[in-house]
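Visitor: I would like to learn how to read a protein model step by step. Could you take me through the one shown here?

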Amino acid sequence: MKGEHLLDARPHQYDNTGTETSNHVKENNMTKTTTTFPFACTYGCDNCRPLDVTTELYVGGLYVRADGYSDCCSQDGYGQQVVIENRHGVPHVIIWADINDEDPTHIVSLAGAAESERRVT
Ligand SMILES: [Zn+2]
């Protein structure tokens, strides 16, 4: 699982104008859409540096990396910290929050967020 996304790791692409960039490439017979967007600090600070966040959308999942962050088995400038994927029809969020740990630190099933699980009041 970890190795799968490493095969497709590529440097993210972005410009320096603070605007979203997006490109579509096809590799290994899979179409990949890469988008980079500068995220301002959620708390509205003026001094915090924006994070360039890159998403790579494959048929098998959505991969997310933040510029300056990587994962255990990837070189700096590569690697993802978050993957959203379909596991038997249930979206799961897999997180590598520790660059020194090859295994995910969090695997979150969103099964409990299914609309069918809403309590009727
Ligand atoms: Zn801030």
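**Reading the model**

Guide: Let us begin with confidence, since this is a predicted model: the mean pLDDT of the protein is 83, and 78% of its residues reach 70 or more.

Visitor: Which elements of the protein have the lowest and the highest mean pLDDT?

Guide: Among the elements, helix α1, residues 2–7, has the lowest mean pLDDT, at 40, whereas strand β7, residues 106–109, has the highest, at 98. Over residues 1–16 the pLDDT stays under 50, and for that stretch the model has 25 contacts beyond four places in sequence.

Visitor: How many helices and strands does the protein have, and what pattern do they follow along the sequence?

Guide: There is 1 helix and there are 7 strands, and when they are read along the sequence they give the pattern α-β-β-β-β-β-β-β.

Visitor: Turning to how strands pair, in what sense do β3 and β4 pair, and over how many bridges?

Guide: Strand β3, residues 51–57, and strand β4, residues 62–66, pair in the antiparallel sense over 5 bridges, and the hairpin that joins β3 to β4 passes through 4 residues. You can follow the pairing residue by residue, for Thr-54 has Arg-65 in β4 as its bridge partner, while the partner of Thr-55 is Val-64.

Visitor: Where does the pairing go on from β4, and how many bridges are there?

Guide: Strand β4 is joined by 3 bridges to strand β5, residues 82–87, and these two run antiparallel. Here Leu-62 stands opposite Ile-84 in β5, and Tyr-63 stands opposite Val-83. Strand β5 is in turn joined to strand β6, residues 90–95, by 6 bridges, again antiparallel, with Arg-87 opposite Val-90.

Visitor: Which residues of β4 belong to its covered face, and which to its uncovered one?

Guide: The general idea is that in a regular strand the side chains alternate between the two faces of the sheet. In β4 the covered face holds Tyr-63 and Arg-65, while the uncovered face holds Leu-62, Val-64 and Ala-66.

Visitor: Why does Val-83 count as buried?

Guide: The way to judge burial is to count the other C-beta atoms within 10 Å of a residue's own, and a residue with 20 or more is called buried. Val-83, which is found in strand β5, has 23 such neighbours and therefore counts as buried. Across the protein, 12% of the 121 residues count as buried.

Visitor: Could we take a residue from another loop, and ask which residues Pro-50 is in contact with, leaving aside its neighbours within four places in sequence?

Guide: Pro-50 has its place in the loop between β2, residues 30–39, and β3, and, leaving aside those neighbours, it is in contact with Pro-38, Phe-39 and Ala-40. With 12 other C-beta atoms within 10 Å, Pro-50 is exposed. The C-alpha atoms of Pro-50 and Asp-67 are separated by 9.7 Å, although these residues are 17 apart along the chain.

Visitor: For the protein as a whole, what share of the contacts between residues at least 6 apart in sequence join residues at least 24 apart?

Guide: The share is 26% of those contacts.

Key: Residues numbered from 1 in each chain as written. Predicted model: local features only at pLDDT ≥ 70, side-chain atom pairs only at ≥ 80, totals over all residues. Pairing = 2+ DSSP bridges. Contact = placed C-beta atoms within 7 Å. pLDDT = per-residue confidence, 0-100.
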